[in-house]
Amino acid sequence: VSLLLYAGPDGEKAWPKKYPFCGGVFQSPIDFHKDILQYDSNLLPLEFIGYNVPSTDQFTLTNNGHSVKMYLSPTMYIRNLPFEYTASQLHLHWGNKNKSEGSEHTVSGKHFAAELHIVHYNSEKYPDVTAAMDKADGLAVLAILLEIGPFNPSYEKIFRHFRNVKYKDQMVQVPGFNIRELLPDRLDEYYRYEGSLTTPPCYPSVLWTVFRHPVKISQEQLLALETAMYCTESDDPEPLEMVDNFRNVQEFHERLVFISFRE
Ligand SMILES: NS(=O)(=O)c1c(F)c(F)c(S(=O)(=O)CCO)c(N[C@H]2CCc3ccccc32)c1F
Ligand SMILES: [Zn+2]
């Protein structure tokens, strides 16, 4: 994958040339606006099992050149979805220090500052995420919208390691903690729709759950996210800042987003 996934000639407009699904159906992210939302009383609060990982365990945090991602333990899974989904990794999308509007999903056309994704795969039907990632019922991704507010000590448990993954392919161990702390309080209020990976290969394989309530991190934490990482390797003579790593919202016609809350 070329370094410039999100900018320049190989930016998202060029994705379908090499990755046909990116020009296909059910693409994510999308804008949530009232005329595509429909209340669904069957949407239950998600249950998180094994999310409270002891500090004796460690997560591997790595810079993969277009996001910062943290591998999660296979003891973490979600119930109350059509299948049991096991955690694979989490990663983030963000803007830049001059424009902190880097969320992927938008609400009534409004970007949030950033967005956390926790990627899970259908462990009832598939042996691992690679087998699951191109299947219609293969993945479930939780999305948490991030906005500016007070310092967030839970997010800091990841953010404080950013200085050790500044460059592509660097990695660092993060002591285990309760990943539930990264989610908003109200797990019962969310948007639900069938969509895709928001990076190539853009497989339409994701059951999206986007929590209604944003989580707050401080201005300084957001600035660290926006300025810490590079897409390039540490010895690259022309470093490229890792910024604006969000896909633009996709057309969403003749489809509905189901909401678990009454507006
Ligand atoms: N926004 S998103 O949730 O659609 C999404 C990403 F935005 C993203 F960057 C990645 S990645 O792993 O960092 C790079 C692409 O492989 C993944 N990783 C997925 C896609 C491919 C794959 C394979 C194994 C484990 C996770 C993933 C992803 F699901
Ligand atoms: Zn993502």
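The following legends describe views of a predicted model.

In this predicted model, local features need pLDDT of at least 70 and side-chain atom pairs count only at pLDDT 80 or more, whereas totals for chains, interfaces and linings use all residues. Residues are numbered from 1 along each chain as its sequence is written, chains are lettered from A and ligands numbered from 1 in the order in which they are written, and side-chain values use heavy atoms, with hydrogens and water left out.

**View 1. The protein chain comprises four helices and 16 strands.** Helices (H or I, at least four residues) and strands (E, at least two) are DSSP runs, numbered from the N terminus. The radius of gyration is 17 Å, close to the 18 Å that the globule rule gives for 263 residues, so the chain is as compact as a globular protein of that length. This radius is taken over C-alpha atoms, and the globule rule is 2.2 Å times the number of residues to the power 0.38. Along the principal axes, the C-alpha atoms fill a box of roughly 55 × 45 × 40 Å. Of the 263 residues, 51% count as buried, a term that means under 20% relative accessible area (1.4 Å probe, protein chains only).

**View 2. Three histidines supply the protein donors of the zinc ion (ligand 2).** The donor atoms are NE2 of His91, NE2 of His93 and ND1 of His117, lying 2.0 Å from the zinc ion. Donors are N, O and S atoms within 2.8 Å of the metal (3.2 Å for Na, K and Ca); water is not among the atoms, so sites may look incomplete. Along the chain, the donors follow the spacing H-x1-H-x23-H. Histidine 91 is buried, with a relative accessible area of 13%, and histidine 93 is buried at 2%.

**View 3. Arginine 255 lies in the loop between helix H4 (219-228) and strand S16 (257-259).** Arginine 255 is buried, its relative accessible area being 17%. Leaving aside residues up to four places away in sequence, arginine 255 touches Phe26, Gln27, Ile36, Tyr193, Glu194 and Gly195; contact means heavy atoms within 4.5 Å. Arginine 255 and leucine 37 are 218 residues apart in sequence, yet their C-alpha atoms are 9.3 Å apart in space.

Key
Buried means under 20% relative accessible area, exposed over 50%, partly exposed in between (1.4 Å probe, protein chains only).
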